[in-house]
Amino acid sequence: MTEEEKNKGVPPEDETVDLFRENEEKVEAEGDAEYSAEAEGSDTAEAKEPEQNGDSADAEKVTADDAAEEAGEAEIAKKSEDSGKKKKNDKKKDPRDEKIAELSDRVLRQQAEFINYRNRTDKEKAQMFEVGAKSAFEKILPVIDNFERGLATLSEEEREQPFASGIDKTYKQLMNALAEAGVKPIEAVGQPFNPDLHNAVMHVEDESLGENVVVEEFQKGYLYHDTVLRHSMVKVAN
Amino acid sequence: MSKIIGIDLGTTNSCVAVMEGGQPTVIANTEGSRTTPSVVAFTKTGERIVGEPAKRQAVTNSDKTISSIKRHMGTDFRVTIDDKKYTPQEISAMILQKLKADAEAYLGEKVTEAVITVPAYFNDAQRQATKDAGKIAGLEVKRIINEPTAAALAYGLDNEKEQKIMVYDLGGGTFDVSIIEIGEGVIEVLATSGDNRLGGDDFDERITRYMIDEFKKQEGVDLSLDKMSLQRLKEAAEKAKKELSSATTTNINLPFITATAEGPKHFDMNLTRAKFDELTHDLVERTTTPVQNALRDAGITASELGKVLLVGGSTRIPAVQEKVRMLTALPSKAASSPAMPVQATSSFSMLLRLPFPSRRWAA
């Protein structure tokens with residue numbers, strides 16, 4: 001797309017515009033000091049290269065715009081820049097008024113977008129600890145499973161032996177520590193089946209059992225506070 | 001003035017992304033995953049559920065659970081649930097609605113426009129059905145983009161010189177190979193081929209089978225008979241496969257895998273990459289013919305390819321990469337950009353860079 005074509009007032013939808021180049025133009029055209037101040041640690045120079053600077057909040061904002069609109073805006077911005085040199089076809093409007101309207105609109109929209117972005121990152125920051133803790137706990141669950149499998153193989157008699165009972169107590173200590181950290185087992189057997197908590201791997205038709213009820217648990221599920229660490233693997237009746 | 005989302009509406013899994021700061025971001029669903037199972041279910045109480053919860057209840061509600069609806073797109077196929085008939089478009093729309101809602105929750109604003117990817121071999125009816133699904137879901141589908149084209153865009157290849165490219169996409173359950181041509185503002189799909197019964201799951205299966213056989217030899221116990229043991233072996237096999245992409249040997253340790261009259265038995269085995277390659281050699285080999293067919297249909301030889309794009313998690317397997325090198329005699333540009341998780345079946349997300357209708361993307 002050449003400059004000449006751009007200035008002929010072709011509707012923006014018919015333009016082939018490289019989004020990145022467009023962004024650079026937009027940022028250059030804008031240079032909004034107030035806005036830059038809002039976005040921490042980013043200056044205009046950085047924002048000119050949004051594709052190389054993903055964590056610049058400024059760049060984020062600019063490209064976050066509705067893409068089709070952007071095409072139009074870049075178009076207008078370009079025209080305004082060139083308006084001193086070339087006269088536009090029929091329009092009698094002061095190009096400066098157009099630009100003021102367009103820039104005011106853009107500032108408003110970008111502020112709204114920035115608020116959304118900030119709200120989201122605030123929420124994400126708050127969740128970061130939980131996400132990290134969850135992934136660590138997930139790795140521990142198979143170890144707990146094996147403690148349980150191992151203890152389950154013991155006879156009553158064997159269970160009384162000092163080593164076995166020591167292991168049993170160690171297992172209980174581990175479970176208590178996890179409970180204090182917010183990890184607790186999901187109730188399954190006898191509960192109504194709930195796909196948010198349970199993962200059905202088998203189904204059985206049996207009149208003696210209730211409707212849509214968990215009848216057997218193959219693997220214990222766990223919650224971390226209110227979120228599921230691992231779903232209970234269960235058999236469901238009817 | 002809402003954002004445009006990019007949707008990869010897959011046969012087994014779907015994925016949604018949005019452009020942020022010039023980079024595509026894959027949006028996690030409300031359950032926290034970056035992919036959402038393409039499963040829709042109607043519960044006994046008449047409630048509709050989509051994605052992971054739907055998948056988790058499939059076994060116990062199979063009559064009213066619909067999966068792989070993509071295979072029926074553009075046909076007269078109808079799903080009957082509680083005496084009500086649904087078209088494939090309507091079912092797909094339910095998946096799209098879920099993705100749209102997840103995107104809205106993430107962005108904190110309404111979403112009304114989308115770009116959706118489809119396989120390059122989709123015909124007009126299938127493309128129209130995909131568009132209709134978007135419309136039913138309340139999305140204006142700005143464009144339907146071919147999956148291999150989206151992959152090329154994801155790597156920014158549209159800004160490179162004119163060239164012919166091979167997209168080698170080995171996902172969880174299917175293998176697709178496409179030859180595309182990048183020209184002046186146009187990406188054209190020249191040929192496609194593949195194997196819709198070949199993917200990462202087959203590699204896991206080979207390891208699982210080997211583990212069962214080895215244990216039987218050593219301990220005389222068939223672990224495949226115990227559902228819980230089998231489940232543990234399958235999970236361990238997938239983990240081992242992933243580890244062997246970077247390490248040359250891995251340890252598979254499953255204490256108390258089963259118990260006999262003699263007491264508990266443990267599974268402990270080292271698996272080398274060499275052994276893994278031996279077990280899966282024929283699977284890798286099965287990609288050869290589709291690659292050759294695609295090249296032939298495109299009327300070119302491997303030497304005319306400018307690049308090979310590897311897409312899909314299974315292309316992380318070193319033997320697969322080696323095979324591609326042998327078939328094409330080219331260093332491949334591996335799918336490893338952090339912005340594009342390879343588990344998101346096609347790295348479609350950069351397609352959002354080009355929402356301008358004037359950019360003529362040949363279908």
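Me: What conventions apply here?

Reply: In this predicted model, local features need pLDDT of at least 70 and side-chain atom pairs count only at pLDDT 80 or more, while totals for chains, interfaces and linings use all residues. Residues are numbered from 1 along each chain as its sequence is written, chains are lettered from A and ligands numbered from 1 in the order in which they are written, and side-chain values use heavy atoms, leaving out hydrogens and water.

Me: What span should helix H7 of chain B have?

Reply: Helices (H or I, at least four residues) and strands (E, at least two) are DSSP runs numbered from the N terminus. The expected span is 1.5 Å times one less than the number of residues. H7(B), residues 273-285, has 13 residues and should span 18 Å; the end C-alpha atoms are 17 Å apart, which agrees.

Me: Where does H7(B) bend?

Reply: A bend is the angle between axes fitted to the seven residues ending at a position and the seven starting there. H7(B) bends by about 50° at Leu279(B). Leu279(B) is also one of the buried residues of H7(B), along with Phe276(B), Thr280(B), Leu283(B) and Val284(B). Buried means under 20% relative accessible area, exposed over 50%, and partly exposed in between, with a 1.4 Å probe and protein chains only. Among the elements covering these residues are helix H5 (200-219) and strand E16 (263-272) of chain B.

Me: How are aromatic pairs described?

Reply: A pair of aromatic rings is described by the distance of the centres and the angle of the planes. Rings of Phe, Tyr and Trp (its six-membered ring) pair if their centres lie within 6.5 Å; planes under 30 degrees apart are stacked, over 60 edge-to-face, and the rest tilted. The count over all chains is 7 aromatic pairs. Phe137(A) and Tyr224(A) have ring centres 5.4 Å apart and planes at 50°, so the pair is tilted. Phe137(A) lies in helix H7 (residues 95-152) and Tyr224(A) in strand E4 (residues 222-224) of chain A, 87 residues apart. Both are buried. For Tyr168(B) and Phe175(B), the centres are 4.8 Å apart and the planes at 65°, so that pair is edge-to-face.

Me: Which ring does the charged end of Arg120(A) sit over?

Reply: A charge sits over a ring if NZ of Lys or CZ of Arg is within 6 Å of the ring centre and within 35 degrees of the ring normal. Arg120(A) sits over the ring of Tyr106(B), 4.2 Å from its centre.

How values were computed:
Contact means heavy atoms within 4.5 Å.
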